[in-house]
Structure formats: structure tokens, C-alpha cells
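Subject: Structure handover

Hello,

Here is the structure I promised to pass on. Please open it first, then read the notes below.

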Amino acid sequence: MSFSFPLGFLLLLAIPVLIIIYIIKNKYKEKVVSSSYIWELSKKFLKKKNPLNSIANLLNLIIQCLCITFLSFSLAEPIFNFKNASENEVYILDASASMEMLNSDGSTRLESAKKEISDLVDKASNGSTFTLVVSDSNSRTLCQNIQDKDVFNSILNRVDIDYSESSLENAISLAQSISSNGKGSHFSLFTDKEVKIGEGIETYNVADTNNNYAISDFRVNNFKEEDVPYVLYEADVVSYSEDASLEVEFFLDDKSIGKVSNEVKQNEVTTFSLKLENANDAYTNYSSLKAVINNEDYLKEDSEYIIYNSEDFDTTEILIVSNSPFYFESVFNALNSNNIKIEYQTVTPAIYSMSAGSVGYDIVVFDGYAPEALPVDSAVWLFNCGDSIPNSGFYFQKEYTVADPGIKASYANNNDDLLYQELTKNLVKRDITIKTYLRYTLNSKFTTILSYDNLPFIFAGRNGFNQKEIVFNFDLHNSNFPLLADFIILMRNCIRYSNPSILDKFNYKSHDDVVFTFPDTALSCEITTPSGTKDYLSTSDLQSYTLDEVGTYSITVELANNKTRKINIFSSFPVNERVPVSVDENTYSIIISADAPKADFVFNALLSTLIVALILLLADWMLYSHEQF
Amino acid sequence: MNQIIDERFLSQLELFSLAIKDNVAGLFGGTHQSKKYGTSCEFADYREYVEGDDISKIDWNIYGRFEQLYLKLYLDEKQMYTKIYIDASRSMSFFNKGEYSLRLAAALAYLSVSEMDRVSIYLVKEHSIIPLFEKIIGREKFFENIAKLNEVEFSGDVYLSDAIMRSDVGFGNGKSIIISDFLTNNDYFSMIDYLRDKHRDVLCIQLLAPEEINPTSRGKNILYDSENSNKFFKGNITRDLLDAYKKALTHIQDGLTNYCGSREADYAFYDTSISLRELFFDKLLNKGVIR
């Protein structure tokens, strides 16, 4: 037996005080009455002496002392421990995506499982400890050997669906390690899967429904038949529990464009196709395409599939400051029809120098012109700038002209450098013949891409405004570079480097990692999850984000100059979790050693002692009342 | 005293009279039923005319002088002699018994003088009686003497029988009223016998305070007798003892009732918490002490 608050025994000091009061109070009181005759006469009428009367006062004192004793025990909160009389309960809770499926009572399988655990915890004897192992993408022990039922229930209530595939095996391993460490004596598994259970685990199957339809894939294709353009939407649909007659509706930018009905055989993929004539490119441009199964089932999350289009927001805006922009315009036009959307504008150096400078461009190209100041909010490409520019990271020294056939500059052997790898990706790397070039002294750290005799000819890095900067120290007109295949590839790489696409891919599976590449002008990135939760990402360098939910994630990237990019990506339900009654072929068991320690049964006698004290108080009061009234 | 027995109360009392038993032989041979301001020639008093009075008895001479109607009253020949004995022992000073007994005596005396009876009030102390006033007749005399009640001191013991039997109690000529708490083991039954032997109409009024009827004392007590400090009760006042106390009180009351009944005397017990007005116009009236 132990006591939570031993100071409660200080109340026992009241007993000697009570005894002193009793002794003082028990003395005869002297009083004058009108006549003592009647009192004397009363003795004759006194019934046979009740022996209790003679000790009534003492009895009151004894009861009061007992009452104080029990009250002090209550205050001290006595706790009795009975060895090995309770269990160390370990609950393994499957929180994989399929547990989101609704049961017939309208609650999800996870909610049913949590309720069952909560009921078991409430019924568990005092002193039991509770451990919660969650089986999801990252099986883990949420809490271990907690005695407080309320705390455990609050932890349990915080468990949410993890839209991932189940990893029961890992969870059982975790439970086994708990058993091996002597921290668990009774194991219960709560899942919706049909699992083969060996010894040591009690299973609670929380699945009571099995009706589910899912769109496993959704594609869109443009093609021509006899010069007539068509667009074909194809949604792959599976019915997991029965043959069914299903209807799929297709949406373009949230407007219905058609419905298709089909018979679907159980567990067979059936493609629902919608073919539309794409006259006037009516179906070419869109922000989103969606396929939805209109039939009711017990899992909504896998009944729709969305494709988002990225082209709207992936345009690179370029300002060319040049007197002879031919090569730039040619290469940008070429790239523009090759999956890179570019909008460029050309001005002469004279006009540029008279303007207030560039504002809002992703890239500014200075060709044969050294501006007085570099733009602070754009990446810059400097071609053949015959003067030093503040904050550019280099100084102009001298112009050199060499005799025919010129020098042959070659690509640097800089393969360990990530920037070099990025800019020279897919290049053939043929030498470039140059007749006239400028000599620069670099005072910042740049990555050399092309060089001759250790003199950098093309180099890239960050300028004084921390903007991306690529420098060519020669005039394209005085080289054969524009005639080489590498020219267009290098320009493409330079655009990707200077103004990277934030995302390359827009359709994911739940729990995929999304890699964001932010441009320098990115100020903030807000991600709104399908459940409405807002997350914020740092906009420096590469950022990775894990998709924990199923549905559409809306991403808003704030850029400098009040520009905003809004991107939607779709996270689909894990394929293996769509099967309502999935059978796990593994056999799970936990070896529990015979001498695995059990928890002590804890009996808190606070209430009992308090009740006894109150009963004694009542008895005392009754005795007093009997005497007084 | 005058504040409580106010004039209104006294004028209301005038409507009643003390009941005298029929078999009491009056000194002048008549019955008390006809004993009113009578028809004799001896002038006794005036009183204001009230509705219902015989208008033939109105003194028109007085009306001529004061323009107020007064009846001229004459002394009846069958005049009674009321003797009121007040227990003036120390026990009567407890609570409000003493003051209450004095007021009660005053009111009873007024009833008698209103009937033109003679009235004496005696204090009974130890073995003797002390007259406060004797043989007064008429309200004028009554008001002259009533202030003496304020001077009464309650002290010492009392031996009612001894004191009264030593005095001149008269013979068959009226009512003897004894006001006491009767909380004594001294003899008082002999007094009743003696008075009845003298053909007196006897009324014993026992006055007790609420605390004496239902004591509130609890626990271990030594209760000293107020009249004799050598007498005391020592004990634990428990619920059982209180029950016994009530039985003892009932025993005393039953004893008085039975004894008075057997001697054709009257006995009445009253709680001093009730008002005099209630005592007279309810209790005494219902009991037939007044009518």
C-alpha cells in the first residue's frame, strides 16, 4: 500500500484536539434551576438504564475519531497494489487508407476500431498499462505503458487515417519488441484485413461492409481521324466486391462533358471511354479534367480522379536587351514549340537605358550591352558585356580578337558540380570556335561551364543581388555556337536553371514525395491540403513535401512583383488499400514469454475511505440527533 | 404592570365574572349567581353606560352635569371575599413566572372588584403569608393598591400549607386562588383540604415557563435548587432522562388534578408563554374559571 498525499495524515492531529475538547466538555456544568425537585423526581421515572447511554458520549468520541482517521486516509489517498493482477495491454491499430472505408453505421472503420479500443480501455482493471502501436506508412509506437486512461484515450483520439498502404508486418514486429522488452502481456490487433493470426494476438476485425468502386487510372489522348481532331478520355474502373453497372461522369474545368455507363465485372479493370470531337481546340485547353463514379459506395476517396494541366502557369517571361536579338528570338521560338512556354520581349539598349529598368521578368538578357545596374528581381544572362557592371561578380579587363580560325573553347571538366551537371545536361559538348572574346576577372564564386586556357568563357552562379546569373564572354555572332545543336539545349537548360518549373509532375499517389523547385523570385509557398489544412514551405532551393491525404492539394506560390502561381496537384488513393476485404497471407504471431511481467492491479481507496468516513459522520450525527431531539 | 393590564383589557374583563361554585355558602346567605351590583340601597360605584345596560339605572343628574351616561351601581348584599395567594418563593423569579403571576393576580383581583367583591392579595413566603392589600372593595381602591405589586420580591422557600393554614382564610364566603409553580415536595395538599373545610371555593393555578416544560439542557449537569442550595440534582441529562422529566411533570399535574378533583377544588396549569388576554378569554373561560 502506498499513499499519494502522505501529508493528508496531518489531519490525525485533530484527534488529540478532539479528545481534549471531549475531556473539557465532559465536565459537569453547574447551573441553578428554579427547582431541583422535579429533576430528582425524574429519576423515579427513568426507564431501566440503557448501558449505551452511559457510553453515548464516549461512543460519539470514538466515532468522531474513526471518522477523522478515515478522512485523513482519504486525504492521503491510499493505493493498494496487487502484484501481476492486471495486464500490460498493447493495442495494434491499423490506420492505413482502407480504414477510411465507411461501416454500415456510418462511421469509418478507424472510428469503429478506436471505439472498440476505448471500450476495452474503460473496462480494463485499474493498474493496467496501455501501449498503442499504429500501423500505417510508418508503423510506430504512439505511447507505451500509459496508466492514465484519459491520457491514453486522448492519444488514441488523435490517431488519424494515414492514406498509405498498411504495414502490419512492421507493426507486429514493433509489438514483438515490446513483448521482448517485457512491456506487454496482452496484444490486440484492430484491422479491416483478413489476417492469419498465430499465437499471442487477439484480432478484432472492424470491417462490416465491402462495397467499393474505384477509378484506378485516368488518361486523355488527342488524335486525328481523317484530319478530324478528337479527344479521348479513358477512366479505368474496378468494382472490388461484385459485378456492377456503373456510371462515370467526366468533367472539364468542373463542367460536365459527358457520362458513360458500363457493366463492370468484379475485380476486373473496365475502361470507360468518352470520345469527343475536338473542333476549334474546344477540349485542348483546360485547368483540370476529372472522372467521377456516380454510384454510391463505402469509400468516396477513390471514386474520383483528377488530372491538372500545368501549362497555364509555367510560362517564362524574358526581356531581351540587344541590338541584334536574332539568335535569341530564334532559339526562344524554337523552344516555345517544344514544351517550354516562353513569352519574350525585345528592346534595344538605348531604349532600356532610358527606361526605369526591368520589372517583373523572369529572365533579362543583356546582349553586347553592360547596364549601369543589374535588375534585382530577375535572373540575368550577360552576353559579351564590354564593361564592368556593379554587383555582377566580375570585372571587365580587355577585349581580345584572335586570328582565323579562332580559339576552340571546350567544356570544363566539372562533373562534380551540381550546377554544371544541370546546365550541361544532354549536351553533346562539342568545342566552340570563338574569334573575339572578353577577358573578365571573377570576384565571386562561379561555376565554369566553358573555358579556354583556364579562362572562363561561360560561367554561372549568383550575383550581388543573389540572383542567378549566366555570363557568356563572347558575342554569339563571333562564334559558331548558334550553329551547334548544343546551343538550343544549353539555352533550354539555362531557362530551366534561371526560371525552374516549380513542379514537374501533377498526379501522385498518396504518400508520394513532391519535390518543389522554387525560382529566386518565390517569396512564399502555401499548400492547402484536401482536408483544408494549410502548410507552408520554405522557398529556398529544393523542397520536398509528402502528400498525406487523398484529393486535390492547392499550392499558391507568391512571387516578387505581386505575381502569384497557383498549382493544383492530385493525390490518389493507394491502390492496394481500395480492396474492401483484403486478405493478408502472412501469419502474424507474437511470442510472449511465460514470465512476461504483468501490471499490478491498483486499487485507489480514496472513494472507499471517504464513504466510510461519511457513514461514520452520519452515524455520529444520528447518535447526536437521537440524544438531542 | 399598568402597561400590560391596560384599561382596555380591564374594561373587557368587566364583562366577565369569577365563577363561584353553587354550593359555596355565602356569608350573607345568598347565592353568587345573583351577586352583581345589586339592588340594595348602598351606593357602590359609577360606571359608564354600555349598550344593553338597564336604562332605568342611568343617573340623569350626572348626565345633566357631564352630558355622559353613567350607571349608578349599588352594593349587592351577597358580597364575596376573594383571597389570592401568590407563591413568592425564589423559584417563581425564574423566567417570567413571577411577573406573570402578579399580572394574573391583578387581573383576577380586578374581576372581583368589578363584581364589588372584597379582594385580598397575599404573598406566601416561607411559613407565613404577607398581605399586599386586604379587603379592598371597588376599582378606586384597587387602583390605589395595585402599585404594590411592583414591590414584590421573590425569594426563599415556601411552605404553602403551613403558611395558609396559619392565616385567617375565612369561612364559606368566597374564592381562594393559589398561584404557584407547585415545583416543591413541601406539602400543599393539606392547604386544599383546609380551605375546603372552610368552605372556600379553591382554585390552584400552576404556572410554568416553557423551559420548565421542555428543558433544553443536555449533558452532564449539576442543577442546584434556587430555594435551597443544599438541594441539587447531579446527572447526565439524556433523552431518556428528559422523557422521565416529562413523566415526572405529568405526575405532579395529575396529582394536583386528582387531588383537587376529589376535593371539589379547581386546578389549572398554564404556560407563561401565552398572553394574559389569551389566558383569560380562552383558557380560563373554557375551563369555567370565569364566565
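Start in chain A, with strands β4 (residues 88–94) and β5 (residues 129–135). They run parallel and are joined by seven bridges. A:Glu89 has A:Phe130 of β5(A) as its bridge partner. A:Asp94 is paired with A:Ser135 of β5(A). Please keep in mind that this is a predicted model.

**The sheet around β5(A)**

β4(A) and β5(A) belong to an open sheet of five strands. The order is β6-β5-β4-β7-β9 (chain A), and the pairing is mixed. Which strands stand at the edges? They are β6 (140–146) and β9 (201–205) of chain A. Each has a single partner strand, so one side of each is left without a neighbour in the sheet. On average, neighbouring strands here are turned by 15 degrees against each other, direction ignored.

Is β5(A) enclosed or open to the outside? Seven of its seven residues are buried, so β5(A) is largely enclosed by the rest of the structure. Both of its faces are covered. On one side, A:Thr129, A:Thr131, A:Val133 and A:Ser135 are buried. On the other, A:Phe130, A:Leu132 and A:Val134 are buried too.

**Chain A as a whole**

Chain A has 12 helices and 36 strands. Of its 629 residues, 36% are buried. Take the contacts in chain A with a separation of 6 or more: residues 24 or more positions apart account for 71% of them.

**A hairpin in chain A**

Next, look at strand β25 (residues 446–452) of chain A. It runs antiparallel to strand β22 (residues 407–411) of chain A, and two bridges join them. A:Tyr411 stands opposite A:Leu450 there. β25(A) is also joined to strand β26 (residues 455–462) of chain A, by six bridges and again antiparallel. In that pair, A:Thr447 is opposite A:Ala460. β25(A) and β26(A) form a hairpin with two residues between the strands. A:Asp453 takes a positive phi in this hairpin, near 55 degrees.

**Two packed helices in chain A**

Two packed helices are described by the angle between their axes and the distance between the axes. Here the pair is α8 (residues 326–336) and α11 (residues 485–498) of chain A. They pack at an angle of about 75 degrees, and their axes are 10 Å apart. α8(A) and α11(A) are therefore roughly perpendicular to each other. From α8(A), the contact uses A:Val331, A:Ala334 and A:Leu335. From α11(A), it uses A:Phe487, A:Ile488, A:Met491, A:Arg492 and A:Ile495. By class, the contact has seven nonpolar residues, no polar ones and one charged one.

**Chain B and the cores**

Chain B has nine helices and 10 strands. Of its 291 residues, 40% count as buried. Among its contacts between residues at least 6 apart in sequence, 76% join residues at least 24 apart.

In soluble globular proteins, nonpolar side chains tend to be buried together. The largest nonpolar core here has 76 residues. Which of them touch the most other members? They are B:Ile84, B:Tyr85, B:Ile86, B:Ala105, B:Val124 and B:Ile179. Helix α3 (residues 97–114) of chain B gives this core its largest share, 11 residues. Leaving aside neighbours within four places in sequence, B:Ala105 is in contact with B:Ile84, B:Ile86, B:Ile121 and B:Ile179.

**Where the chains meet**

How many residues of each chain are in contact? The count is 25 residues of chain A and 32 of chain B. In chain A, β2 (29–33), α2 (37–45) and α12 (606–628) each supply at least two residues of the side that touches chain B. The largest share of that side, seven residues, comes from α2(A). By class, the side of chain A that touches chain B has 10 nonpolar, nine polar and six charged residues.

The chains also share strand pairing. β2(A) pairs with strand β8 (residues 219–225) of chain B, in the parallel sense, over five bridges. To find the place, look for A:Val33, which stands opposite B:Asp225 in β8(B).

Best wishes

Technical notes: Residues numbered from 1 in each chain as written. Chains lettered and ligands numbered in written order. Predicted model: local features only at pLDDT ≥ 70, side-chain atom pairs only at ≥ 80, totals over all residues. Contact = placed C-beta atoms within 7 Å. Helix = DSSP H or I, 4+ residues; strand = E, 2+ residues; numbered from the N terminus. Nonpolar A, V, L, I, M, F, W, Y, C, P; charged D, E, K, R; others polar. Pairing = 2+ DSSP bridges. Buried ≥ 20, exposed ≤ 12 C-beta atoms within 10 Å, placed from the backbone. Core = buried A, V, L, I, M, F, W, Y, C linked by C-beta atoms within 7 Å. Axes fitted to C-alpha atoms, helices over the stretch in contact; angles between N-to-C directions. Parallel < 35°, antiparallel > 145°, perpendicular 65-115°, else oblique.
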